Amino acid sequence: MVDVAVAYASTAGVRLLDDALTNPRWDRASKRFLVSIDFGITQPQALDRIAQLSNSEVRIPNASQVLASPSLLPRSTFHAKAFIFRGASWSESCASVVGSANLTASALATGSEIVVGQSWSSRPSRSERRQLQTLRNTIAWFDDAWATSVPWCDIRDAYRDAYRGKPRPRKPPEERTAATRQYLRPTAGPDVSSSLTIQLANARHLWIDTGTISKNRGPQKPGNQLDTPRGTRVFFGFESTRVPKNHNFGKVEMRVRRPGTQFVERSVRFGNNEMDKINLPIPEQNGLDSYDHSYLLFTRLAPGPEAADRFELDATDEKAVRDLKSAAVNSLDLTMTSGRRYGLIF
C-alpha cells in the first residue's frame, strides 16, 4: 500500500514519481493520494495523471469549502507532505518519507527540501517498535483525512472550470524556478546530465585550474580564450542542448575583480575541440600579466535588473578557492579528461 499526502502536485512531479518507482510492486500496490486544491495551485492535469496510475485513487481534502470561494481560498490550509509505503499487515516491512516536499519536479529533483526517511523491517527491534508507533499515528491521521475528503472524480469538472477561470492559471510557483525550467527542458542530445545541469544553473561560483592558456592572440601576447568542459555554458545562462562545433551561444557581461575595472561583453561558444570556450577580458587591460597557472574564479552576481547575465572574474590561487569552499554551504569538485580540476561552489 502507498499513501501520499501533499499540499499540491504538478504533472511533472507525478511523472517523476512514477518513473522513479515503476516496477511490478509499484504497479500492483494500492495507492491513495490526498492532494489539496488550496489556492488553485495544483494542476488539474496532475490529478488526472495520478488517477490514471494503476490501482490509484485521488481524494481532495476540504474540497467543498475551497470550491465555494471564487479565489479557491481554504478556511484552513492543507499543508501535509508525507509518503508512506507499507504492506497489507504490520508484519511486513514499511517506510515513510515526511518533510517539506510536495509532488512537484522542484521538490523531487531540483529544489532544497528537508525530509526524514525511515524504514522498518518485518521484525523490528524494541526501539524500532516504539518508533513504529509514530507511523501508526500518521496512518491514523491519514485515514481520518481520507474518510472526510472528496473523490477527485466528483469535483473534477468544477475544479477545472475554477482553475481556468482564475486570472492567470499557471504552474505551481516552485515549478517556475530557473533550475526547474532547465531540468524540465527537452533533453534530446544534452551535453551534460540532468543533475550536473541543475548544479551548474544553481552554483554561485565556478572555479577552474587554468594551466597554460593557448596564445590565441599571438605569440607575444597573453591568451584570453579559456577552454572549459562541455556544458559549462549552463553556468553562464545558456542551454545544455547539443550544438554543432563552433556554435556561438551568445554574450555575457564580465569584469575582472580589480579596482576601476569595467564590465565588458564576452562571448561563450562551443569550439572545434568540443569544449566550451569563454572569451575572457583582455588581461593586460585589467592589471594582469596573464591568466596562466592561476585559479580562475567566476562569480555570478546577485539577480536583479542591474546584474542580469553579469559575472565577476578573479585570478586567484588554490588556497583562496579552498577557503571559499570551506565557508560555503556546499561545493562540488570535478576533473576534466585532461586532469585539470574545476568545480562549483554554492
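Q: What is a polar contact?
A: A polar contact is a pair of N or O atoms within 3.5 Å; within protein, one must be able to donate a hydrogen and the other to accept it. Keep that cut-off in mind for Ser36. One caution: this model is predicted.

Q: Which backbone nitrogen lies 3.4 Å from a polar atom of the side chain of Ser36?
A: That nitrogen belongs to Asp38. The Ser36 side chain also has a polar atom 2.4 Å from the backbone oxygen of Ala7.

Q: Where is Ser36 found?
A: Look in the loop that runs between β2 (31-35) and α3 (44-52).

Q: Is Ser36 buried or exposed?
A: Check relative accessibility: under 20% means buried. Ser36 has 1%, so it counts as buried.

Q: Which residues does Ser36 touch, not counting residues up to four places away in sequence?
A: There are Val6, Ala7 and Tyr8, then Thr42, Pro61 and Phe78.

Q: How do I read a helix? What does it mean that an α-helix has 3.6 residues a turn?
A: Residues three or four places apart point the same way. Now turn to α3. Its buried residues are Pro44, Ala46, Leu47, Asp48 and Ile50.

Q: What covers the buried residues of α3?
A: The cover includes helices α1 and α7 (152-165). Strands β2 and β3 (56-60) are part of it too.

Q: At what angle do α1 and α3 pack?
A: Helix α1 spans residues 11-21. The angle to α3 is about 25 degrees, and the axes are 8 Å apart. That makes the two helices roughly parallel, because angles under 35 degrees count that way.

Q: Which residues make the contact?
A: From α1 come Thr11, Val14 and Arg15. From α3 come Gln45, Ala46, Arg49 and Ile50. By type, the residues of this contact are 3 nonpolar, 2 polar and 2 charged.

Q: What is a nonpolar core, and which members of the largest one touch the most others?
A: Picture buried nonpolar residues joined through side-chain atoms. The largest core here has 32 residues, and Phe236, Leu280, Tyr291 and Phe298 touch the most other members.

Q: Which element gives the most to this core?
A: β10 does, with 4 residues. Elements giving two or more include α9 (194-202), β8 (205-209) and β10 (247-256).

Q: Leaving aside neighbours within four places in sequence, what is Leu280 in contact with?
A: Among its contacts are Tyr291 and Phe298. Others include Ile213, Leu226, Leu296 and Leu313, along with Asn224 and Arg266.

Q: How many residues are in the second core?
A: That separate core has 27 residues, including Val14, Leu17, Phe33 and Phe83.

How values were computed: Residues are numbered from 1 along each chain as its sequence is written. This is a predicted model: local features need pLDDT of at least 70, side-chain atom pairs count only at pLDDT 80 or more; totals for chains, interfaces and linings use all residues. Side-chain values use heavy atoms; hydrogens and water are left out. A nonpolar core is a set of buried Ala, Val, Leu, Ile, Met, Phe, Trp, Tyr and Cys residues joined through side-chain atoms within 4.5 Å. Buried means under 20% relative accessible area, exposed over 50%, partly exposed in between (1.4 Å probe, protein chains only). Contact means heavy atoms within 4.5 Å. Axes are lines fitted to C-alpha atoms, for helices over the stretch in contact, and angles run from 0 to 180 degrees between N-to-C directions. Angles under 35 degrees count as roughly parallel, over 145 as roughly antiparallel, 65 to 115 as roughly perpendicular and the rest as oblique. Ala, Val, Leu, Ile, Met, Phe, Trp, Tyr, Cys and Pro count as nonpolar, Asp, Glu, Lys and Arg as charged, and the others, Gly among them, as polar.
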